[in-house]
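Open the model in your viewer and keep the selection tool ready. We will go from one stop to the next.

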Amino acid sequence: MASTAATLSWSSSSLLQSFGGSLNEAIKLPDRTTSMVILAQKKAKKTRKIILKEDVSYLGKKGQLLDVKAGYYRNFLLPTGKAQIVTPILIKEMRMEDERIEAEKKRVKDEAQQLALIFETVGAFKVKRKGGKGKQIFGTVTAQDLVDIIKAQLQREVDKRIVSIPEIRETGEYIAELKLHPEVTAKVRVNVYAN
């Protein structure tokens, strides 16, 4: 058997050499039969260009464009509704959505800057506390106290979680920060006095 395989491989390679043509072309044999030589090529990697509809762990965030294997898309992402094949229409919609989101972020930031300007031009917020010895006051001035004063003076609702106030245990003037936006911080003066 080994000799037959060796003979076949020798005869087929010598046959190709004797005719001297390209391997991809049809070869004319002496007995007028035609044979095709087919070369195996590397298997093409099958990937799909997708957009994620929601966050997928170990893959990406919502709205991200990715290339994933066809089987992963077909067997997991598509049935669970976590991804969609990218089309030109979908890309256009995505760009429009990104522009809308950017415009909204800019609008929110502008509003925060205007509010910061209002807070900084008001002057000092006055806080009255019961006094003790010297400059000492009873208790402290908290973020909630400042929020209540802002609401009373400016009729603006402010969340106490955005207020950063130093520890106040004496009368005097202090600076509190209001983080209105990740990029916008307003500094307000707090005037504490004893009655």
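**Stop 1: a loop residue**

This is a predicted model. Select threonine 171, in the loop between strand S7 (163-164) and strand S8 (172-181). Is threonine 171 buried or exposed? Threonine 171 counts as buried because its relative accessible area is 16%, and buried means under 20%. Now show what surrounds it. Beyond residues up to four places away in sequence, threonine 171 touches Lys135, Ile137, Val192, Tyr193 and Ala194.

**Stop 2: valine 192**

Move on to valine 192. Setting aside neighbours within four places in sequence, its contacts include Thr171, Val127, Ile137, Val141 and Tyr174.

**Stop 3: the cores**

Which residues touch the most other members of the largest nonpolar core? They are Phe119, Leu146, Leu178 and Val192, in a core of 23 residues. Colour the elements that give two or more residues to this core: helix H3 (88-121), strand S6 (124-129), helix H4 (143-154), S8 and strand S9 (184-194). Apart from this core lies another, of eight residues, including Ile50, Leu52, Leu66 and Ala83.

**Stop 4: an annotated stretch**

Select residues 60-87. An unreviewed UniProt entry places the feature "domain: Ribosomal protein L9" here. Over residues 60-87 the chain is 39% helix and 29% strand. The end C-alpha atoms of this stretch are 19 Å apart.

**Stop 5: the whole chain**

Zoom out. The chain has four helices and nine strands. From the N terminus, the elements run α-β-β-β-β-α-β-α-β-α-β-β-β. Of the 195 residues, 23% count as buried. The accessible surface of the chain is about 14600 Å², and 54% of that belongs to carbon and sulfur atoms.

How values were computed: Residues are numbered from 1 along each chain as its sequence is written. This is a predicted model: local features need pLDDT of at least 70, side-chain atom pairs count only at pLDDT 80 or more; totals for chains, interfaces and linings use all residues. Side-chain values use heavy atoms; hydrogens and water are left out. Buried means under 20% relative accessible area, exposed over 50%, partly exposed in between (1.4 Å probe, protein chains only). Contact means heavy atoms within 4.5 Å. UniProt positions are given in the numbering used here, feature names are shortened, and annotations may be inferred rather than shown by experiment. A nonpolar core is a set of buried Ala, Val, Leu, Ile, Met, Phe, Trp, Tyr and Cys residues joined through side-chain atoms within 4.5 Å. Accessible areas come from the Shrake-Rupley method with a 1.4 Å probe; for residues, only the protein chains shown count as cover.
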